[in-house]
Amino acid sequence: LGASTRLYAEEDPLRILGSLSLRPTVTNSSSAWLVQFYSSWCGHCIQYSSTWKALAQDVQDWQQAMGVAVLDCAQEENFDVCKEYGIKFYPTFKVSHMTHSPDREIRSIRQLMVNVLQNHTRLDRPDHCPPLDPYSSGQLLPLLGQRSDHYTAIIVEDPDSYVGREVILDLLQFSGVEVKRALSSDRPLVDALHVTALPTVHLLHPNGTHTHLHVQKRLRFFFSSLLRTLPGVQRRSRSSSSSSFNAHTGALSDTHSPEPWRDMDRSRVYTADLESALHYVLRVELATHDALEGEELKIFKDFVTLVAKLYPGRASVVKLMETLSDWLLSLPLQRIPYQAVLDLVDNKMRIAGVFLGAELRWVGCQGSKPGLRGYPCALWTLFHVLTVQHEATPTALDNTGLEGAAPVLQVMRRYIRTFFGCEECGRHFDQAAAGHLEQVKSNEEQILWLWNQHNQVNYRLAGSLSDDPLFPKASWPSPSLCASCHEEKNGIHVWNQDQVLSFLRRHYGASNLSPQYAL
Ligand code: FAD
């Protein structure tokens, strides 16, 4: 492994360059590049790497206009190229041939990126960089009342504000909405749109009507999130996605004809999804194993016990899981044929009050087309529910052998690694859990760890082939689900973790389970 992989990994939302890739990347590119030259032995570079990763995350969606990259000058193969680029001190970053010292906050580097792009726009603008200069009332007022095939968002702001340009770049990869900025000094526009607070977004709808966009907080993140979730606004897929889960389920789902759309509420959790996930685990995923023995059998037993003790859904399902758990624990066998598990699951269905539907019925997890969402979505949901339920009933796992720290995460980690059909997902999840799970000491931390880890996966997969355009992967919960979860510090989006925790307890709590559409 090269030294660069120690500070930056392939999963980070940036490009790791070397002597061979630097020049072709930055010269033959349709986008501009911000490259940090660092040295893996320099202490300051090591500390600085978390800032750089946070920056890359923050501007991940600007990639088509400007990408973020790193190059390790401590690697022998890179000595010459670093010399050629005149790198004398580490870290140094270069954007469009200009050299900058990196002792800056994320916000100021981001503003520098905007300035460079805006100047580029006038000279040799990167192919995909949208116009960043303000529009005038003369250009914008004629749009009012006109029909169109997309939304137009007009951000009115003070001249020194960067929000408009940042939101324009945040929406770069989305179709269905065009973002333009205008200045508060443009009186005819401000008067015509009745602007009273800044910055503000005025939204021109495709049908010709126009309104102010209501936001709880006038922050970049709120504006961008709301615009991304307008009806019909979609992320353009990245063609070069590295991995996608639907490659594994596609064959299965493509054989099914599309089902009628089920109306659903994104603020609810549906038992139909949770039960479909359990059905999939027991009758589909497990069926790929002829028999369970050794470590696999132990992991399966633990999974069933966990669900039997913590599942907050219908009593009939809890009863089935309890029966299965008791049966597995009472068997002296070291090896259980899968057929025996299936017989029990199916036969028990005939007994009154013990039941697990034998059908996949996705509601909160339905995808806009076959092969998207479904099982992996419902499995995440199930484990989030179990973390919340474990906190609500902390003694439920007493005397089950699952009393240690973070039991839900431990079982999830082993289940995903051993049984989950997407091997690569299992490997990623295992890597994330390795070395981190022992830091999870309380039930609250268990809830938050899973939430945070799920968001890391969302960031990595945004725009990939498994990203459903109707449910684009993004930081979750969105401002419309939980406004108080979001804050801004020094211009950077930050989570209010107390609010996130309260939200997760509510959202994944037993009282938020909807029985609608359950079999
Ligand atoms: P999902 O990401 O499945 O989310 C389901 C629901 O959970 C969302 O609709 C939302 O209501 C809620 N939610 C979203 N984010 C959060 C959060 N941070 N905290 C709490 N709730 C949230 N696919 C790959 O291509 N590569 C991978 O490496 C990969 N790893 C995976 C690892 C695990 C453990 C699992 C269970 C799945 C993995 N997948 C992976 C599948 C992928 O994460 C998605 O599940 C799948 O693409 C379906 O996405 P979705 O849009 O339905 O939303």
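Me: Which residues are the closest to the ligand?
Reply: Happy to start there, with the note that this is a predicted model, where local features need pLDDT of at least 70, side-chain atom pairs count only at pLDDT 80 or more, and totals for chains, interfaces and linings use all residues. Residues are numbered from 1 along each chain as its sequence is written. The ligand is surrounded by 28 residues, where a residue is near a molecule or strand if its C-beta atom, placed from the backbone, lies within 6 Å of it. The closest are Pro-376, Cys-377, Cys-425, His-454 and Trp-476.

Me: Which helices each supply at least two residues of that shell?
Reply: Helices (H or I, at least four residues) and strands (E, at least two) are DSSP runs, numbered from the N terminus. At least two shell residues each come from α15 (375-392), α17 (423-433) and α18 (443-461).

Me: How do the shell residues divide into nonpolar, polar and charged?
Reply: Ala, Val, Leu, Ile, Met, Phe, Trp, Tyr, Cys and Pro count as nonpolar, Asp, Glu, Lys and Arg as charged, and the others, Gly among them, as polar. Sorted that way, the shell around the ligand comes out as 15 nonpolar, nine polar and four charged.

Me: Where is the cis proline bonded to Trp-476?
Reply: Trp-476 is one of the residues closest to the ligand. The peptide bond from Trp-476 to Pro-477 is cis, and its omega is near 0°. Pro-477 is found in the loop between α18 and β15 (486-489).

Me: What is the distance between the centres of domain 1 and domain 2?
Reply: The bounds, from an automatic or database domain assignment, are domain 1 (4-122), domain 2 (137-235) and domain 3 (246-514). Taken over C-alpha atoms, the centres of domain 1 and domain 2 are separated by 31 Å.

Me: How many residues does each of domain 1 and domain 2 give to their contact?
Reply: Two residues are in contact if their C-beta atoms, placed from the backbone, lie within 7 Å. Between domain 1 and domain 2, the contact takes from each domain seven residues.

Me: Which strands are at the edges of the five-stranded sheet?
Reply: Two strands pair if DSSP finds at least two bridges between them, and this open sheet has mixed pairing in the order β1-β3-β2-β4-β5. Two of its strands have a single partner each, so one side of each is left without a neighbour in the sheet. These are β1 (15-17) and β5 (98-100).

Me: What angle does helix α2 make with β1?
Reply: Helix α2 (residues 19-27) packs on this sheet and touches β1, β2 (32-38) and β3 (66-72). Axes are lines fitted to C-alpha atoms, for helices over the stretch in contact, and angles run from 0 to 180 degrees between N-to-C directions. The direction of α2 makes with that of β1 an angle of about 125°.

Me: Which residue in β10 stands opposite Leu-203?
Reply: An open sheet of four strands has mixed pairing and the order β8-β6-β9-β10. Strand β9 (residues 200-204) and β10 pair in the antiparallel sense over three bridges. Opposite Leu-203 stands Thr-211.
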